[in-house]
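I opened the model to look up how the chains are arranged and where the annotated positions sit. My entries follow.

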6 protein chains.
Amino acid sequence: MYYYKEELINIIKPDQPDPAAAKVLQETLGGQFGEMRTMMQYFFQSSNFRGKDKKYRDLLRGVFLEEIAHVELVQSTINALLDESGGQGVGNVAQDQAPLDDAVLHANPHHFIAAAQSSLPVDAGGNPWNGSWVYNHGNLIADLLNNVVLESTGVLEKTRIYEMSSNQSLRETLGFLIVRDNAHQNAFAKALETLGVDWAKTFPVPNYDINKYPECKKFVDMGYHNTQFNFRLDETKIADIFSGQTPSRNGGELTVTPPPAGFPVPELPEIANEHSPGLKDLNH
Amino acid sequence: MYYYKEELINIIKPDQPDPAAAKVLQETLGGQFGEMRTMMQYFFQSSNFRGKDKKYRDLLRGVFLEEIAHVELVQSTINALLDESGGQGVGNVAQDQAPLDDAVLHANPHHFIAAAQSSLPVDAGGNPWNGSWVYNHGNLIADLLNNVVLESTGVLEKTRIYEMSSNQSLRETLGFLIVRDNAHQNAFAKALETLGVDWAKTFPVPNYDINKYPECKKFVDMGYHNTQFNFRLDETKIADIFSGQTPSRNGGELTVTPPPAGFPVPELPEIANEHSPGLKDLNH
Amino acid sequence: MYYYKEELINIIKPDQPDPAAAKVLQETLGGQFGEMRTMMQYFFQSSNFRGKDKKYRDLLRGVFLEEIAHVELVQSTINALLDESGGQGVGNVAQDQAPLDDAVLHANPHHFIAAAQSSLPVDAGGNPWNGSWVYNHGNLIADLLNNVVLESTGVLEKTRIYEMSSNQSLRETLGFLIVRDNAHQNAFAKALETLGVDWAKTFPVPNYDINKYPECKKFVDMGYHNTQFNFRLDETKIADIFSGQTPSRNGGELTVTPPPAGFPVPELPEIANEHSPGLKDLNH
Amino acid sequence: MYYYKEELINIIKPDQPDPAAAKVLQETLGGQFGEMRTMMQYFFQSSNFRGKDKKYRDLLRGVFLEEIAHVELVQSTINALLDESGGQGVGNVAQDQAPLDDAVLHANPHHFIAAAQSSLPVDAGGNPWNGSWVYNHGNLIADLLNNVVLESTGVLEKTRIYEMSSNQSLRETLGFLIVRDNAHQNAFAKALETLGVDWAKTFPVPNYDINKYPECKKFVDMGYHNTQFNFRLDETKIADIFSGQTPSRNGGELTVTPPPAGFPVPELPEIANEHSPGLKDLNH
Amino acid sequence: MYYYKEELINIIKPDQPDPAAAKVLQETLGGQFGEMRTMMQYFFQSSNFRGKDKKYRDLLRGVFLEEIAHVELVQSTINALLDESGGQGVGNVAQDQAPLDDAVLHANPHHFIAAAQSSLPVDAGGNPWNGSWVYNHGNLIADLLNNVVLESTGVLEKTRIYEMSSNQSLRETLGFLIVRDNAHQNAFAKALETLGVDWAKTFPVPNYDINKYPECKKFVDMGYHNTQFNFRLDETKIADIFSGQTPSRNGGELTVTPPPAGFPVPELPEIANEHSPGLKDLNH
Amino acid sequence: MYYYKEELINIIKPDQPDPAAAKVLQETLGGQFGEMRTMMQYFFQSSNFRGKDKKYRDLLRGVFLEEIAHVELVQSTINALLDESGGQGVGNVAQDQAPLDDAVLHANPHHFIAAAQSSLPVDAGGNPWNGSWVYNHGNLIADLLNNVVLESTGVLEKTRIYEMSSNQSLRETLGFLIVRDNAHQNAFAKALETLGVDWAKTFPVPNYDINKYPECKKFVDMGYHNTQFNFRLDETKIADIFSGQTPSRNGGELTVTPPPAGFPVPELPEIANEHSPGLKDLNH
């Protein structure tokens, strides 16, 4: 069973609203290699795990637990990029005004029509999240290799989205997630090491200089690329895998630690033109 | 952030494997009105909540937390229905034998080809789970009404799936979930009461005699239809809504309680013809 | 605007329930070349028509109007094949009974789980109807050629579905629709004749002997393959196209006539295990 | 069977072409809560209706009939927004010109590539209409509750799309449809009243001031929010439900009336760069 | 079996990068009437061909073989439109810069996030290519009629996309493909002539003046609209169909010839912000 | 450009028709890890390749060329499983007969309704092939890792499908493809070795005893698991990668060879109840 404390895993750094940035950041939430995919893939892999060697199951479950918090972090970042991005006129706008027009021209229109200026379970092209993306073939090596590809692609896409916008809300969240994707890449690469693979100098993929991303560097300095956060309220055997020398050429020791201190979950204001929720008129 | 204790929210009652039952039970996992939908819908509604009246957000989040455990319960039930449902012959089966044939003829073929005889994020027709099903329009009344329809449809479908198979693994899980869907129906109906609706004798939907389902009755006797389990490790205002007289014509007082005592998470054996995971030959 | 008289365009011939037949007949309702496609394709083509030569628009609209009645006819036929196809036990079935099992093993499971044993907007494989199938490119020749392919494929598929089941409800409906598809094939082929094509002995497609289908022959004897029913309450120029010699090698004169005398729309009984609708207990 | 008189249910108010507005208005035509959905949902619910209490079936059918006219109204409005929105150069445009470029940059590209500058069965994001959206579970209360959510969401989305553009063609059509959605909300809410629900001050949803929308106000003054148009050529029992006090806090008496006087169906000109239809060169 | 020589079937004419043009040109690659559709449709039709009259099978196969080269041509054209369309900054861009922003605002975001600024198997709206588009009903006349519609629609769409951009890379490729689509239209129309159809003055569809497209005219002057390229290394009976008078009103004799002299396949440079491939750092 | 010789890459071993086997074998043709996916993935990866190190591009292209022949092989095998699987009655079957019924009950109904008893671009569940499956992120390591996962999953699924049916047509084709998938696994694993990975004893995945599959063993004895067939008519640098010691623990030297001697492409008879093609009646 699953328990919750109302804290985000990283801060939502304030900046201006930017619906065009929100649109592309959706890839990190609802895209084929986004956080909803990692969350659901590791959920199915851990629930469907075969065999008695529970350290692998614990590893899959451990990463799954963090991914739920990642989904919430990206949802909240997209909300910050969309909130107050349109005008306030409700109905009585003048005939020659269309207050949302500028915002909407480069936005995902569903952010305004359906989602009340908040996040959606879709990708950057507006395609809804799809269950066929979950890979769980029940062969441990194939599943772990797919996880490595998934985490590598996650980093690759995030560095590209990072280039698309200088918005600080977007870059802070991507910086944190890039480092955590590296940690998870290490987790699955290390698990494959226990099964015989020698990765030599292959990882991390892509072969980029993480120090060029200032939003990443602070987390690397804190060792987050070599850390697995532990969200279990009972025993876990993650450290049977996640310990010792990192499989990455970046070096360092893998360690399991408690989760980071939490950050406040943002509160979104009511917006009149969303007609939300309008309790006042109903209750009185 | 999200924490976990390795316990199921209800027991997996043992019975024979039955791939045809597993196929239809997928609707309860990955269908348009299944547990993955409720889980993701309440996740988005709580993360995207607008306004300062946090008791509604806490209610949405509270039900979301339980739905994660429901997803795991249905995954495990489907696994029980599929495990050991095919023969063991690997490759060297005789020319005139096809050991999985009988099982597969009425099965979802992907249960055997892709999922290694375990659960998939698809519905009873094999259609993958789809993000467009998540309803989150940011108007509190519309969102709550949709949740009521979702929970009502959940019960409706589960009672029909219950009729399709007498398998005890399937019926025990459905019985538990029907009662919990009723509790969640009560939660959202009660929230609408605080906004002015008088449901009179409308609920529960459908209008069925729950006492005819023996697997439900034991949970009704325990009061589970009027209970909200609390998975929060910090404060929650759920009880500001979920208390007092039930909105259902079944009567009773609504109460917030700790989660039930947990049940063991099943362990699935390795199966040779899944080629999983085969650590032995690799490591030695 | 659209008006209605509660009459079916052909009779629902009674026979036994047969969920496996209902499943394949869904292709004729919600398939890529089924009646929902023809209805929506001609709706868009007539609403979006360009140019002043209104006889083409009237022809497209005229066929569209009949297709709405075809959709209702196939819905009602599928309902006849599904109704009373499962047992009546609600909840209190004995532990060792699963009354719907036999019916469901070869059925579309959504007919029982979602649709309360009635029709769905899906094809024979359970794939939902999809708007991308509508062809409307705004070039009159291309649109008409696509319509000819659509009606030809409609006949082709219906003759194959006819072979799959000897159920009389299914065959009567298919027999009627095959002849009407031929009439619509003639309508669009004739329209292309007015634009210069000489079809020679090409039509009808497929090149089959309609007299081998007894359910078709009675309608051919009534001239339905050369008739366009007129559902307009105002003027129409259909007869500017649909008159004179048929483009089909079957011969005969094309004529516009009033619709056939209507047939009763079936009434479906309540079924307890559908929990529908249960008015009694609520109102009293 | 279905009959037709070539009249639109409301006027197409002339304004400038605006492909970006056409793109977002597609949500009202082919979106998950658009007019194609309401049309097909009530079509299936009425054809598949169970039980002898025909007044509910007549209500569902009655709203279905109006929705066909709504689909045609939105198709025609989108056509008005797209027609003449691109230049006329066919092939021989100069090398440095791309006459459609400005129009297309913020348009749905399929409006120009496929649809010859007219409407498509897709939503604002370009996703095709999908049959899985049709809700018809055969439990009268669940079906009616879903219809209430559908109509409420329809209004919610239309008021948001209204904010996105000041184009008069778009706003006139949305204004009319918002009021009619309110009438249909009243219809289904009233039907639930006959089954026991007391809506108190819940409706309409959303809780907005309709008088702020001048395009709505004129229809409210005509009582269209409390009127059900009757498109039946035979008897109907709609008034057994749709009469007496409105369930809405806006007040007033519900009445069944004949349809409004019709408006002309627009004629679109041929456009050379659509190559449509080019009869001249072929026939002579 | 299939053999290859590294040559393009037409030249990639150099011009500026233009991601908005790349986005719409995707329709010609991965759209419902694009080159991937024609390639796969004729592949299935030739592999699944029934009957002994092999000249039809050879015709279908022959066009299929050319379509593989068309797919490669459009992939390479899209690559030319995307390559070097974004800046080079990797990570260390200044805080107030987002080097890809301008390019991406009107682009398909997946071209930058996923595809490393190269082609994707999607259409102009970003919808992935879909197998349901392949038409292969096994009735020769229906299949050939569908092919005629497919090739006609191909020309229609390409002339519209041509109007959307004056980019020379885009127009050169479209000009070549328009003429080849006409040749394939002739191939399938001629095959239908052998089965009895007299097309009179119907073709080509659309009825446009190809001489207005300078990029087409040079290929018409070379006779490419009446030529079938032969990619077979063994015997083929294409000329049993593709010979004699063209079915098009443009006139001329149909002839089977060797393929055109090939053009160089472009080489794309590595781009730092794609992190591709970075061999240097790994090997040393 | 692409050239063709009418020969299959392996024999179609004759056995009885078996529509249920055809249904599951569709996964190998149109499934997420089937031959259409490998064919299109390597096509896009080679066309979109970045950088000057052409040996990688040649490797990707080389495997792509063989995959086209694999697609044709699986199409032909499915055709063999479907051909003559239904009766011959056209229309005039007796009222109490439905000749296709037995075949269809466990078949993909579209094999009979749409495809005239031949192959379709869909998977074992009837889901159409989807372009979103193509992975081409333009980072060489990520692309190669994904290819390794794709080929490993291909073997895994094929060994499971092999278990589902003892039909010799199905098993012969799967046996050949399993060995070739191993060769392609070796190709991509070897390419990753050139970039620094040491696979140790990881491959092949899955970890199965290929000698238990008699249909595989004969190809292993011929060395096909260590061979790359060369379909280029010009130079290729494949051997710069594909040579030396295999990366698989099975051992052996990698070699590039000419393709195997070809096998006859089957000819399918006309079937009356497919109405195909019916040339006779038309021409005379």
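**Symmetry of the copies**

I superposed the copies: chain A can be laid on chain B with an RMSD of 0.0 Å by a turn of 180° and a shift of 0.0 Å along the axis (least squares on the C-alpha atoms of residues with pLDDT of at least 70 in both). The two copies are therefore related as by a two-fold rotation axis. I then compared the contact residues: 100% of those of chain A recur in chain B, so the same surface serves both copies (contact: C-beta atoms, placed from the backbone, within 7 Å).

**Conventions**

I note that this is a predicted model, in which local features need pLDDT of at least 70, side-chain atom pairs count only at pLDDT 80 or more, and totals for chains, interfaces and linings use all residues. Residues are numbered from 1 along each chain as its sequence is written, and chains are lettered from A and ligands numbered from 1 in the order in which they are written.

**Annotated positions**

I looked up the UniProt record, an unreviewed entry; its "binding site" annotation covers A:Glu35, A:Glu67, A:His70, A:Glu151 and A:His184 (numbering as used here, feature names shortened; annotations may be inferred rather than shown by experiment). These residues spread over 150 residues of sequence but cluster in space, with a largest C-alpha distance of 13.2 Å.

I found A:His70 in helix 3 (residues 54–82) of chain A (helices are DSSP runs of H or I, at least four residues, numbered from the N terminus). A:His70 counts as buried because it has 26 C-beta neighbours inside 10 Å (buried: 20 or more other C-beta atoms within 10 Å of its own). Leaving aside neighbours within four places in sequence, A:His70 is in contact with A:Ile9, A:Glu35 and A:Leu177.

I found A:His184 in helix 7 (residues 168–194) of chain A. A:His184 counts as buried with 27 C-beta neighbours inside 10 Å. With neighbours within four places in sequence left aside, A:His184 is in contact with A:Val63 and A:Glu151.

Key:
Contact = placed C-beta atoms within 7 Å. Helix = DSSP H or I, 4+ residues; strand = E, 2+ residues; numbered from the N terminus. Buried ≥ 20, exposed ≤ 12 C-beta atoms within 10 Å, placed from the backbone.
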